[in-house]
Amino acid sequence: MTTNRTRSEGRPDLDPQAPLPDLFRRLDATEHGLTTEQARQRRTEYGRNELRRQRRRSWWRELGRQLVHPLALLLWVAAILAWVAGTAVLGAAILAVIALNAAFAAVQERQAERAVEALTRYLPQQARALRDGQWRQVPAAELVPGDIIAVGEGDRVSADARLVDGGVGVDLSALTGESQPAYRSADAAGRAGSLTEAGNLVFSGTSCVADEARGLVYATGMRTELGRIAALSQRVGREESPLERQVRRVAWLIAAVAVGAGVIFFPIGVFAAGMPISDAFTFAIGLLVANVPEGLLPTITLALAVGVRGLARLGAVIKRLSAVETLGSTTVICTDKTGTITKNRMRVSAVRAGDQLLDPLPDPPPPPGPALCALAVSAVACNNAELRPDADVGDPTETALLRFAAKLGPPPGGQRQAQFHFDPRLRLMSTVDSSGTELWLHTKGAPEEVLRRSTRIIDAGGVERPLDEATRADLADAVTGQARQGRRVLALARRRLTGPTGERAQAERELTFLGFVAMVDPPRAAVPDAVARCHTAGIRIIMVTGDHGLTATAIARQVGITRGEPRVLTGADLDGMTPQALRDLLAANPEVIFARVSPEAKLHIAEALQADGQIVAMTGDGVNDAPALRQADIGVAMGRAGTDVTREAATMVLTDDNFATIVAAVGAGRRVYANVRKFILYILAHTTPEVVPFLIFALSAGAVPLPLTVLQILAIDLGTETVPALALGREPAEPGLMERPPRRRTDRVIDRRMLLRAWAFLGLISAVLVMAGFFAVLLSGGWTPGAPTGPGSPLHETYLQATTMTFLGIVACQVGTAFAARTERAPLRAVGVFTNRPLLWGIAFELAVAAAIVTVPPLPDLFATRPPPVPALALLLVFPIIVWGSDELRRKLTGS
Ligand SMILES: Nc1ncnc2c1ncn2[C@@H]1O[C@H](COP(=O)(O)OP(=O)(O)OP(=O)(O)O)[C@@H](O)[C@H]1O
């Protein structure tokens, strides 16, 4: 072994295309795999089979990035202007603002990144490896060179391996960008040149799309091809979401307004109010700095990240931050049936063997006659599941068949010779088994498919006869009768083979129909409720299933998806339909069920709905579902039953495979969006009480002294208000959130209604209160309009107390605004006054900072504050109640 050298070089010094015996020798391995102990030792030697994360951006670089953010650049300009104008204190304050903001944004960005990264923990990848002579599911991270692994359709390959047996179709696009699947087989000859072109190798990070093979692991972790090119560095995307894009645009708009306000103020201050030029300049800059919403974007990123974390706890793992927002606007959920709506826990409840129907199937079953025996033999032979005392392995349809057969007695064992995998398009699976000297084909699948390929039928006594039309019709009726009860029906057939099997179509023909089994698969308990919530939330549910139309309809009715007569469309109907016809049909029929559809059809359904402006969530579990999942706005894969390929293609993975979780996730998405609106409202509301004092000062042409200083504005916007704003992102869902139709694609996060509420209602009330406080202090101190209040004048202390009152008044009003912002339509008591703990802490922080600015030296000197008289302070106590109370009243009166 060359382990030491291997480790130091980072790649094994071996040729994976060497003759197999050489490769086994070099890897010190055998066809029987490794023992657990050997694997453990090798893990300490080679490390875990993981890709090292691409180094994160360092703290300093992240901070640097935030410092040159366009909005920060605007502040730099303001700082330079302040410095040039000789107001060094303001310049320094702006620099502090830039630094604080950058640090704040950097922390939030990093938190968001972490939240997404942490999600990989929720989806640990598994691999099948031969350990201690047995096939085991092991965490992919524990694979080591020398392991023998199995890869089958739908699996993600977890390490680089040389195939030793079988062949697989692989999708190499993650490595080579080539989207056409390639075939790799143990028998393929080695090839010089690029390793990825070698016909007998498979690579970590690629996925298996067909068949099955076994391979000898020769490289893991960073030594794999994938590790080498580090292509998987960022599997979880971090692109800007539409919400972030919208908010960025709005942030720029507000920044432009702020610059405009500053520019307009300057001449008004100088010429109308007679302010000294330097003061006017300082104030203009202050106005600009205070209103540039530089904290908005990182706060939204953080809200989305918090949403992602919350969703993971619900059982929905999201792979993109922006998906949280898309989820909230979902208008249609296309869901499959088995496992998502139903429990995927099947039990055979009726059987028809030959022409004998046992419905219900007695428990224990009667002693089986020849037909029932033949049915059971086929059910066991054409089966890849395994009954285990701890947990059954395999497809629940197949385990149900095994359990049914087991009750009839031990079946005679045959020897599997070949297999035609279950194909969701054909809806059939077959195996070729030898029994003594005989060779049999056993087929199971959708009854109509099996019937179509059958020419004979067995009778109860086991005698075969030709299948006439009357019997066909009778069988079809019997199947329909079962499906109508919501049962899943599977037919079984067989054929004695006399020669080689040949092509699939050649093998699966002239079958002898043995009978069918009907299984019950009860709906999940939480589904009817979730369906009802979708209905009230205006979300349409479309069932898209491979199962029989009647089975699907019965289940859809049981859980409330259909309430009237649904329009049932089959895959065959879809084939003959133009995209436009499909769009029209979906628009015209509120209740549609797609049955017996192929995975490809799901893609067309998603496209048709999207062409109509719908936001589509689509579930899927099979390999062929991947394109539809990619096409949908939210591709939903199953964490338990699904394949790695769909998990890779999906935006959201359900750890519990439950439909109800999709609905909960939509609710969470709506909540995040609503919370983003809440803190934007809160941040916007302070603008009016900050601008009005200046307007009064300017319009009075200096008769009223300036009620608020620039540094005080900065202290509010960038000090006291930050934490409560963040805390609004943690609001619980407002009642009624899932009782409204989804928001439209065209809806803006900041709309006119919100601006009116922020500026013209909450803001205006605050401004009135704040100015009343200012004048109350000023007048009670003996001030008359036009009286001097500058340094050295007898009224100067009173003036300082009055501006402090304005400052504290705005802080008090913002406390009221924070409570008002908590709900958009409902009364606050519907969510509970004390239910948002972080907000209560945020308000405590806000009040503590405000108190410190007024009382803790040297802050009062820096911010020019003096504690107002006690009666004025008492007045402050009612401000929040008035602001919040008025909004409660408005909501009550207007209903929104
Ligand atoms: N293991 C299997 N072997 C043979 N036939 C099967 C097997 N599993 C399913 N079928 C048949 O193929 C049909 C389609 O199966 P598919 O897995 O595409 O969808 P489904 O499980 O019925 O429903 P859904 O799409 O809602 O999950 C089934 O209704 C059944 O008749």
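Predicted model: local features only at pLDDT ≥ 70, side-chain atom pairs only at ≥ 80, totals over all residues.
**Exercise 1. Which domains give at least three residues each to the shell around the ligand?**

Solution. Domain 2 covers 316–342 + 524–658, and domain 3 covers 352–505. Step 2: count shell residues by domain. Domain 2 and domain 3 each supply at least three.

**Exercise 2. Describe the ligand shell by residue and by class.**

Solution. Step 1: count. The ligand is surrounded by 17 residues. Step 2: find the closest. They are K337, T338, T545, G546 and D547. Step 4: sort by class.

**Exercise 3. In what order do the strands of the eight-stranded sheet lie, and which are the edge strands?**

Solution. Step 1: read across the open sheet. The order is β8-β24-β23-β22-β9-β19-β21-β20. The pairing is mixed. Step 2: find the edges. Strands β8 (316–318) and β20 (567–570) each pair on one side only, so they are the edge strands. From one strand to the next, it averages 20°.

**Exercise 4. How do β19 and β21 run, and which helix packs on the sheet there?**

Solution. Step 1: compare the strands. β19 (residues 540–544) and β21 (residues 592–595) run parallel. Two bridges join them. Step 2: pick a facing pair. V544 stands opposite F594 in β21.

Technical notes: Residues numbered from 1 in each chain as written. Helix = DSSP H or I, 4+ residues; strand = E, 2+ residues; numbered from the N terminus. Axes fitted to C-alpha atoms, helices over the stretch in contact; angles between N-to-C directions. Near = placed C-beta within 6 Å. Domains from an automatic or database assignment.
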